[in-house]
Amino acid sequence: MEPPYALFPLHSLFHQSNETRAPSRIGDRSTSDVVVRLRTQEGRDDWLYCHSHVLVEKSKYFADRLSENWPTCQILDSRNCVEVYCQESDFDYHVNVLRLLYVVMDGSVDDMWHGVRNALSCLRVAVELGCQQIITACVNYLEAVPWEEAEEDEILRTIPGMGSQVEPILARLQPVNSTAIVGIFLSAIRFATSSPPPHMNDLKSSAQEQLEYMLTEDDDAPLLMADDEIKFEVRECVKGLLARFNNLLETFFCESGESVTMAGEMLLFQSYLSDMSWACQILGKLEIMREFVSTWADASEKIVKAIELASSKADVLEMKLKVIEVASKVLEAIGYGTVIFPATKRLHMVMVWLPFVRVTKRLIDSIPTNGDDALTFKLDGELWQSLESAFVSIIVALPSGDQAEILTEWLGNEHIRYPDLTEAFEVWCYRSKVAKRRLALLGAIHGVTDAL
């Protein structure tokens, strides 16, 4: 709560005119020649003894009221009286502004505002009373200081109706031109995909979060509409990330089949996987997933084998989950037609990832969900469901013979519960049963057409 009256040093609350008159102080009844009567609808009625030369010089409102052109002039306590009506909530700020009229506004007292809310309320009153020096001082203060979120909301509610004189306050909130937006996006995407050292992970995560936010359509349109140049730059950045990931994969197989034990390499492997999982979100928003999906598909067998070579059980579990996060996005892109692959390549992806996913799911489910040994990195249930749906979508689009091979293996597997391919099985059974009739009918139709 701002102090209502004693906001300014007493030694500053005087006014020295350009003439040779003694300094004037607000409330000095012996020298006052005008009473400002502050009144509210709630019945509050305060008299402030002021000086006409100060009020006229510093306030257009009082200059008008005290001019000879004003039709009537009230007299109170043998002095001219100007009544000012205000809301109860603004009463103290009117007092503050009247006191400020006696302060020398030479820029040497920047700490007189006691916070954003007080300055904003004083500004509102100063605009009403036409106090240009106070308006300028408030604007300079509010434009320069940081705002809290609630203060920013209040500024947005208050400032727009005050006219052009207060527009500098809103400079930090103005839309940025498209060139600046593109520039910061490209700088951020380069940093977010550069695989910086671990001590910069927080900065990298922040950049990734803001990049995704820039491309997200929510209550507002995306901040950035990606053109070919932006898409090219994103592809190049992700291509560099994939190249580093593939180079690391190669190092896992350079020691004649020995298990992967280097902690640094495993942490780097997990970091790459996290970055690629995030990159899929960006690529999906920009509709440029194909190159990433193709590269991941080509490396799938090596990725699975690298996990098998890892020696630490805890690291293996966490890496498997990271791998599944990326694999799920790749399989969804294939299964839902975002990326078009030939049947042989789609079959290859199912044959590589179906066994890996089903075994990992059972392993994760076997770990206690409470106690000291509970894993904090279990996957969200929705991701497992999305992965299962992606497998079904891919399988039902394969040639029927390939479907039969996959379903036969599934029905005889001990891990039949996940992924549940019942939907694919039902589709295969129906299609297989009606296939001859359908094809015969199709042949008959073509025969009639040919005869015509």
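User: At roughly what angle do the axes of helix H11 and helix H13 cross?

Analyst: The axes of helix H11 (residues 290-309) and helix H13 (residues 343-365) cross at roughly 30° and come within 10 Å, where an axis is a line fitted to C-alpha atoms, for helices over the stretch in contact, and the angle runs from 0 to 180 degrees between N-to-C directions. This is a predicted model, in which local features need pLDDT of at least 70 and side-chain atom pairs count only at pLDDT 80 or more, while totals for chains, interfaces and linings use all residues. Residues are numbered from 1 along each chain as its sequence is written, and side-chain values use heavy atoms, with hydrogens and water left out.

User: How are H11 and H13 oriented to each other, parallel or antiparallel?

Analyst: Angles under 35 degrees count as roughly parallel, over 145 as roughly antiparallel, 65 to 115 as roughly perpendicular and the rest as oblique. H11 and H13 are therefore roughly parallel to each other, and their crossing is left-handed, a term used if the near helix is turned anticlockwise from the far one by less than a right angle, with clockwise giving right-handed.

User: Which residues make the contact of H11 and H13?

Analyst: Contact means heavy atoms within 4.5 Å. On H11 the residues include Trp 296, Ile 303, Val 304 and Ile 307, and on H13 they include Met 349, Val 352, Trp 353 and Phe 356. By class, this contact of H11 with H13 has nine nonpolar, three polar and three charged residues; Ala, Val, Leu, Ile, Met, Phe, Trp, Tyr, Cys and Pro count as nonpolar, Asp, Glu, Lys and Arg as charged, and the others, Gly among them, as polar.

User: How do the axes of H4 and helix H6 cross?

Analyst: The axes of H4 and helix H6 (residues 149-158) come within 10 Å and cross at roughly 10°, and H4 and H6 are therefore roughly parallel to each other. Their contact joins Val 116, Arg 117, Leu 120 and Arg 124 of H4 to Ala 150, Glu 151, Glu 154, Ile 155 and Thr 158 of H6, with four nonpolar, one polar and four charged residues by class.

User: How many helices and strands does the chain have?

Analyst: The chain has 16 helices and six strands, taken as DSSP runs numbered from the N terminus (H or I and at least four residues for helices, E and at least two for strands). Of its 452 residues, 42% count as buried, where buried means under 20% relative accessible area, exposed over 50% and partly exposed in between, with a 1.4 Å probe and protein chains only.

User: Where is His 114 placed?

Analyst: His 114 is in the loop between helix H3 (91-100) and helix H4 (116-129). Its phi is near 55°, a positive value in a residue other than glycine, and His 114 is partly exposed, with a relative accessible area of 40%. Ser 195, in the loop between helix H7 (178-192) and helix H8 (201-215), has a positive phi of about 55° although it is not a glycine, and at 18% relative accessibility Ser 195 counts as buried.

User: Which peptide bond joins Tyr 418 and Pro 419, cis or trans?

Analyst: A cis peptide bond joins Tyr 418 and Pro 419, with omega about -10°, and Pro 419 is found in the loop between helix H15 (400-411) and helix H16 (422-451).
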